[in-house]
Amino acid sequence: MDDVISGAYVFTGERSARSYALNKMANSLSTPANRATFQADEAAYMTGLGCSDQQIDLVRRRDWKGMMEHGASIYLLLKIGAAVGVPLPEIGAHTAGITLAEFHARKAH
């Protein structure tokens, strides 16, 4: 199977395994207590859940496309986005490599 289909990254088993800790961490943000702990010290929280330095850096930089390329599930990225105050349209614009205004303009058509 191709790694990229129409510009979208395919969530393959290899990518999933490579990003298991990041996806697990993102899923843990479902609870308010975990979100508060994450928000207080993102790097420490992520380290405690086994995230690599690379994964911590991707989250620190809010590199949504990089997280997806690394193997993060888009559904779990939304949990990180919600925890840090970045809404879906901003994540979508970033992953598409366009501005938020361009993203909204595309959705209007």
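Student: How many aromatic pairs does a search of the whole structure find?

Tutor: Happy to start there! This is a predicted model, where local features need pLDDT of at least 70, side-chain atom pairs count only at pLDDT 80 or more, and totals for chains, interfaces and linings use all residues. Residues are numbered from 1 along each chain as its sequence is written, and side-chain values use heavy atoms, with hydrogens and water left out. Rings of Phe, Tyr and Trp (its six-membered ring) pair if their centres lie within 6.5 Å, and the search of the whole structure finds 1 aromatic pair.

Student: What is the geometry of the pair formed by Phe38 and Tyr45?

Tutor: Planes under 30 degrees apart count as stacked, over 60 as edge-to-face and the rest as tilted. The ring centres of Phe38 and Tyr45 are 5.9 Å apart and the planes stand at 75 degrees, so the pair is edge-to-face.

Student: Are Phe38 and Tyr45 buried or exposed?

Tutor: Buried means under 20% relative accessible area, exposed over 50%, and partly exposed in between (1.4 Å probe, protein chains only). On that scale, Phe38 and Tyr45 are both buried.

Student: In what order do the elements of the chain run?

Tutor: Helices (H or I, at least four residues) and strands (E, at least two) are DSSP runs, numbered from the N terminus. The chain has 9 helices and 2 strands. From the N terminus on, the order is β-β-α-α-α-α-α-α-α-α-α.

Student: How are α2 and α7 oriented to each other?

Tutor: Axes are lines fitted to C-alpha atoms, for helices over the stretch in contact, and angles run from 0 to 180 degrees between N-to-C directions. Helix α2 (residues 20–28) and helix α7 (residues 74–84) have axes that come within 8 Å and cross at roughly 55 degrees. Angles under 35 degrees count as roughly parallel, over 145 as roughly antiparallel, 65 to 115 as roughly perpendicular and the rest as oblique. The two helices α2 and α7 are therefore oblique.

Student: Which residues of α7 meet α2, and how do the contact residues divide by class?

Tutor: Contact means heavy atoms within 4.5 Å. From α2, Leu22, Asn23, Met25, Ala26 and Asn27 take part, and they meet Leu76, Lys79 and Ile80 in α7. Ala, Val, Leu, Ile, Met, Phe, Trp, Tyr, Cys and Pro count as nonpolar, Asp, Glu, Lys and Arg as charged, and the others, Gly among them, as polar. The residues of the contact of α2 with α7 divide into 5 nonpolar, 2 polar and 1 charged.

Student: How are α8 and α9 oriented to each other?

Tutor: Helix α8 (residues 88–96) and helix α9 (residues 100–108) have axes 9 Å apart and pack at an angle of about 100 degrees. So α8 and α9 are roughly perpendicular.

Student: Is His70 buried or exposed, and which residues does His70 touch?

Tutor: His70 is placed in helix α6 (residues 64–70). Its relative accessibility is 8%, so His70 counts as buried. Not counting residues up to four places away in sequence, His70 touches Arg15, Arg18, Ser19, Gln54, Gln55 and Leu58.

Student: Where is Arg62 found, and what is its phi?

Tutor: Arg62 is found in the loop between α5 (53–60) and α6. At 24% relative accessibility, Arg62 counts as partly exposed. Although Arg62 is not a glycine, its phi is positive, at about 55 degrees.
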